Amino acid sequence: YKAPVFLPHCTLYSPTDMARSELEEILKYVANGTSPLSVTANRLNITSNIWKTLFIELEKSQELSKLQQKLMRQIRSPKEYDFMPHISLIYRAISTERKKEIIEKLYLKNSYKMDKISVVETGLDVMNWKNITEIKFNA
């Protein structure tokens, strides 16, 4: 769809300006004692927001909410963050009609496995996003 390629993910919190070393320690803490989890897909959806062009809405399960809260408790002075779990599939301005056509052709699995937590340096240009650190869950 001539959109930038990126790793599938569910954002637990954004943005932060904390130091890399501090973020790595937080991820180690969050990953420790956390088992890989299965997240349930609710449906495919679209918006006019470029960061939610076309995405999979996820069920806000107790397990996923606990993971997000565990992370939030470790962040020094966190900013307000409205956690609406989803997996973005496309970041690109596309007409509503075209997005609906794309959705009709996509196969949606019932669930997806989450087995690690990452810090990604983001910005307006998705092609320049960098995975800073990544820790596998290890319960």
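Tyr1, Leu89 and Leu106 make a nonpolar surface patch of about 260 Å². Patches here are built from residues with over 30% relative accessible area and no salt bridge, joining like charges within 9 Å and nonpolar side chains (Val, Leu, Ile, Met, Phe, Trp, Tyr) within 5 Å; a salt bridge is a side-chain nitrogen of Lys or Arg within 4 Å of a carboxyl oxygen of Asp or Glu. Accessible areas come from the Shrake-Rupley method with a 1.4 Å probe, and for residues only the protein chains shown count as cover. The model is a predicted one, in which local features need pLDDT of at least 70 and side-chain atom pairs count only at pLDDT 80 or more, while totals for chains, interfaces and linings use all residues. Residues are numbered from 1 along each chain as its sequence is written, and side-chain values use heavy atoms, with hydrogens and water left out.

Strands (E, at least two residues) and helices (H or I, at least four) are DSSP runs, numbered from the N terminus. With 34% relative accessibility, leucine 89 counts as partly exposed, the class between buried (under 20% relative accessible area) and exposed (over 50%).

Turning to the helices, α1 (residues 20-31) runs for twelve residues and spans 16 Å from first C-alpha to last, close to the 16 Å expected at 1.5 Å a residue; that expectation is 1.5 Å times one less than the number of residues. Its buried residues are Leu23, Ile26, Leu27, Val30 and Ala31. They lie on the same side of α1, because they cover an arc of only 125° around the axis, taken from the directions from the helix axis to the C-beta atoms. The cover over these buried residues includes α2 (62-74), β5 (116-121) and β6 (130-136). Just past α1, glycine 33 adopts a positive phi of about 85°.

Over in helix α2 is glutamine 68, which is buried at 8% relative accessible area. Leaving aside residues up to four places away in sequence, glutamine 68 touches Leu12, Tyr81 and Phe83, where contact means heavy atoms within 4.5 Å.

Most residues other than glycine have a negative phi, and most peptide bonds are trans. Serine 14 and proline 15, however, are joined by a cis peptide bond with omega about -10°. Lysine 2 is exposed, at 78% relative accessible area. Serine 77, in the loop between α2 and β3, also has a positive phi, about 45°, and is exposed at 66%.

How values were computed. Buried < 20%, exposed > 50% of the residue type's maximum accessible area, 1.4 Å probe, protein only.
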